[in-house]
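Dear colleague,

Please find the structure below, together with a summary of what was found in it.

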Amino acid sequence: MGKSLVFIFLLCFFVSCNENCQNQSAEVQEQNANCPIPNPDPDPDPIPDGDVPNEALTFDVNYVLTNFDRGSEDKLLKAIEIIKKVIGSNEFRSKVLNFTFQGKKQFFENKGLSNEEIYQKLLDGREDLKPDVDNQMDLELELYYSWTSTVGYTTPGAMKIYLNSKFYNPFTPSEVAGNVFHEWTHKLGFEHATNYSKERDSTVPYAIGYLIRDLGRQYE
Ligand SMILES: [Zn+2]
């Protein structure tokens, strides 16, 4: 995958990003936690209800946790329920299939995949390092604390996803859901630039992470 050994994916989330969305440091690039909500076109071609495939309804989440206390685990369980409800919704399907970037139905940095193929890839749950089509997210999550503005990160060579408790603790369950889903799409091979750009919001990790978060709020 990435040519760099220390290729660390970043995640930023939430509210409005203005002057501070420039990258800051080297190895773990700090990212202001306030990044803009992308602006996917509001369903230019809505898909009728009732078309959610069975795999969206049976989508599941398998997880192994490190350094989670009881409260943190409870929040994660709520986030997982939110993810399952959002994935099972026609609204999510419609927003993924109709996502547009530069006037076309596509995601930025989409690995040559159409929106339909990306949607199917999510439902398949086929991580690069766990390449069985098991219809589930396989998560290995570790909480750590850092004063930096890195919300979470993962590396291509391992399943482990690191979540910064500085953000995890104040996050709502739907924010955790979006954050975890963002990181998990990296396990499916989707990438994005470290530095903020408007285009980056249309990558699979960002755009779909935001979708999970935003659609998830109704299930809190
Ligand atoms: Zn990322």
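In this predicted model, 4 strands form an open sheet of mixed pairing, in the order 1-4-6-5. Strands are DSSP runs of E with at least two residues, helices are runs of H or I with at least four, and both are numbered from the N terminus; two strands pair if DSSP finds at least two bridges between them. Strand 1 (60-66) and strand 5 (152-154) are the edge strands, each pairing on one side only. From one strand to the next, the twist averages 30 degrees.

Strand 5 and strand 6 run antiparallel and are joined by 3 bridges. Gly-152 has Leu-163 in strand 6 as its bridge partner. Helix 6 packs on the sheet and touches strand 4, strand 5 and strand 6, its direction making about 15 degrees with that of strand 5. (Axes are lines fitted to C-alpha atoms, for helices over the stretch in contact, and angles run from 0 to 180 degrees between N-to-C directions; contact requires C-beta atoms, placed from the backbone, within 7 Å.)

The largest nonpolar core has 45 residues. Such a core is a set of buried Ala, Val, Leu, Ile, Met, Phe, Trp, Tyr and Cys residues joined through C-beta atoms within 7 Å, where buried means 20 or more other C-beta atoms within 10 Å of the residue's own. Helix 7 supplies the largest share, 8 residues. Ile-83, among the residues with the most contacts inside the core, touches Val-61, Ala-177, Phe-181 and Ile-212, not counting residues up to four places away in sequence.

Residues are numbered from 1 along each chain as its sequence is written. As the model is predicted, local features need pLDDT of at least 70 and side-chain atom pairs count only at pLDDT 80 or more, while totals for chains, interfaces and linings use all residues.

Yours sincerely

Technical notes: A residue is buried if 20 or more other C-beta atoms lie within 10 Å of its own, exposed if 12 or fewer, and partly exposed in between; C-beta atoms are placed from the backbone. Two residues are in contact if their C-beta atoms, placed from the backbone, lie within 7 Å.
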